[in-house]
Amino acid sequence: MRDGPDLTKVLDWVERVAAFVSGEWGLTPVTGRVLAWLMACDPPEQTAAEIAGAVGASRASLTTSLRLLTSARVVGRVRKPGDRTVYYRIEDDAWSRIIEQKLAAFTAFDRLAAEGLRLGWADEAQTARIRSARSSIAALNRRLDDTSPTVCG
């Protein structure tokens, strides 16, 4: 970090992001640290060694995290002309991609819930629990309706 916040404060923020993505998204803390570091680092392209040093990751856990983030196309691999080193950086559309993936998952689950309702349940309590899932997804759609077309339906 050149100009900007104190590195200690940045690393504290990196830890908070790691805790969030671990708790909310089920990612490992190391993956959360890598994600956060790549959001905040300067320069935005970092080698695996630079990332590992910054977030205190072992080579094995870093490799696993980078593989996950690159396969999800949240992080990209970059090469600089004349340099054989691989650098990593957050993709420009990473956050829209993450949101689209989460919304697509809700769409898929809504379809599964709709299938479940068509199974011919005799017990209204079971049907009510399945309807509750669909109602929650419909409520999400209503909230998103102001800014985007129907996403889950």
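**Entry 1: the pocket lining**

I looked up which helices line the largest pocket, and found that helix H4 (59-71) and helix H5 (94-117) each supply at least two residues of its lining; helices (H or I, at least four residues) and strands (E, at least two) are DSSP runs, numbered from the N terminus. A pocket here is an open set of points on a 1 Å grid over the protein atoms alone, where a 1.4 Å probe fits, with protein on both sides within 12 Å along at least five of seven lines, and lining residues have an atom within 4 Å of a point. I noted that this is a predicted model, in which local features need pLDDT of at least 70 and side-chain atom pairs count only at pLDDT 80 or more, while totals for chains, interfaces and linings use all residues. Residues are numbered from 1 along each chain as its sequence is written, and side-chain values use heavy atoms, with hydrogens and water left out.

H5 gives the most to this lining, with three residues. Among the lining residues I marked Trp25, Leu68, Ile98 and Lys102. By class, the lining of the largest pocket divides into eight nonpolar residues, one polar and one charged, where Ala, Val, Leu, Ile, Met, Phe, Trp, Tyr, Cys and Pro count as nonpolar, Asp, Glu, Lys and Arg as charged, and the others, Gly among them, as polar.

**Entry 2: the sheet**

I then followed the strands, which form an open sheet of three in the order S1-S3-S2, with antiparallel pairing. Strand S1 (46-47) and strand S2 (75-79) stand at the edges with a single partner strand each, so one side of each has no neighbour in the sheet. Two strands pair if DSSP finds at least two bridges between them; S1 and strand S3 (residues 86-90) have two bridges, and five bridges join S2 to S3. I found Gln46 opposite Tyr88 in S3, and Val78 opposite Tyr87 in S3.

**Entry 3: the core**

Which residues have the most contacts inside the largest nonpolar core? They are Val34, Leu38, Ile51, Leu62 and Tyr88, in a core of 27 residues. Such a core is a set of buried Ala, Val, Leu, Ile, Met, Phe, Trp, Tyr and Cys residues joined through side-chain atoms within 4.5 Å, and buried means under 20% relative accessible area (1.4 Å probe, protein chains only). Helix H2 (29-40) is one of the elements that give two or more residues to this core, and H2 gives the most, with six residues. Leaving aside neighbours within four places in sequence, I listed the contacts (heavy atoms within 4.5 Å) of Leu38, which include Gln46, Ile51 and Tyr88.

Note on methods: Buried < 20%, exposed > 50% of the residue type's maximum accessible area, 1.4 Å probe, protein only.
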